[in-house]
Amino acid sequence: MLRFSILLFLLFWQCQPSQIPETYRFDPITVIQFPANAPPAFPQSFFPETSKFIQSSEFKTSHIHTKEAFLLLETEESFADIQKRIELRASQGDWKLIEKNTKDSEVFYLLEGYIKKSLSISLTSHGKTNQMRFYFKKHSTY
């Protein structure tokens, strides 16, 4: 019986879902499940210090220029701290807060950057963890 329980323990220990990054490329579009890093189009200062990236996608016009990008992340940082971080970062000047909407346990931000860039942030509370969705779009050709 002891040997059987050890074997079962090892079997179930190996069956845990892994969060290995999976990358899918479709010519100009790249989709990554559980990315190690965020796409470079996003300003890193909007991200919480401890976050887990769940999914990202990028649409590039060339090898280095991102036209659109999406990022979904999860964090255990408090809802109020995340809101403070976003509003403080928006007040620094390079990203202008255009609109802020609040509905129940969700907050939506629309920001505008230099050279016709827009950034949309959706913050959702799920009890102990909070989810953030970032959407970036560049409206110019340079």
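What follows is a set of questions and answers about this predicted model.

Q: What is the overall make-up of the protein chain, in helices and strands?
A: The chain has 2 helices and 8 strands. Going along the sequence, they come in the pattern α-β-β-β-β-α-β-β-β-β.

Q: In what order do the 8 strands sit in the sheet, and what is the sense of their pairing?
A: They line up as E1-E2-E3-E4-E8-E7-E6-E5 in an open sheet, and the pairing is antiparallel. Neighbours in this sheet are turned by 10° against each other on average, ignoring direction.

Q: Why are strands E1 and E5 called edge strands?
A: Strand E1 (22-26) and strand E5 (95-103) each have a single partner strand, so one side of each is left without a neighbour in the sheet.

Q: How do you know that E6 and E7 are paired?
A: Two strands count as paired once there are at least two bridges between them. Strand E6 (residues 106-113) and strand E7 (residues 117-126) have 8 bridges, in the antiparallel sense, so they pass that cut-off. For instance, tyrosine 109 has isoleucine 121 in E7 as its bridge partner, and valine 107 stands opposite leucine 123 in E7. The two strands form a hairpin with 3 residues between them, where isoleucine 115 in the turn has a positive phi of about 55°.

Q: What links E6 to E5?
A: E5 and E6 also pair in the antiparallel sense over 8 bridges. In one of these pairings, asparagine 101 has phenylalanine 108 in E6 as its bridge partner. Their hairpin has 2 residues between the strands, and aspartate 104 takes a positive phi near 45° there.

Q: Which residues of E6 are on its covered face, and which on its uncovered one?
A: Val107, Tyr109, Leu111 and Gly113 make up the covered face, while Glu106, Phe108, Leu110 and Glu112 make up the uncovered one.

Q: What makes up the largest nonpolar core?
A: It has 22 residues, and those with the most contacts inside it are Leu119, Ile121 and Phe134. Strand E4 (66-75), helix H2 (79-90), E6, E7 and strand E8 (129-138) each supply at least two of its residues. As for leucine 119, its contacts include Phe42, Trp95, Tyr109 and Phe136. As a general point, nonpolar side chains tend to be buried together in soluble globular proteins.

Q: Why is the contact between arginine 85 and glutamate 77 called a salt bridge?
A: The cut-off is a side-chain nitrogen within 4 Å of a carboxyl oxygen. Here the N to O distance is 3.0 Å, so the pair qualifies. A search of the whole structure finds 5 salt bridges.

Q: Are the two partners aspartate 94 and arginine 89 buried or partly exposed?
A: Their salt bridge has its closest N and O atoms 2.6 Å apart. Aspartate 94, at 30% relative accessibility, counts as partly exposed, whereas arginine 89, at 10%, counts as buried.

Terms used: Residues numbered from 1 in each chain as written. Predicted model: local features only at pLDDT ≥ 70, side-chain atom pairs only at ≥ 80, totals over all residues. Heavy atoms only, no water. Helix = DSSP H or I, 4+ residues; strand = E, 2+ residues; numbered from the N terminus. Axes fitted to C-alpha atoms, helices over the stretch in contact; angles between N-to-C directions. Core = buried A, V, L, I, M, F, W, Y, C linked by side-chain atoms within 4.5 Å. Buried < 20%, exposed > 50% of the residue type's maximum accessible area, 1.4 Å probe, protein only. Contact = heavy atoms within 4.5 Å. Lists of a residue's contacts leave out its neighbours within four places in sequence.
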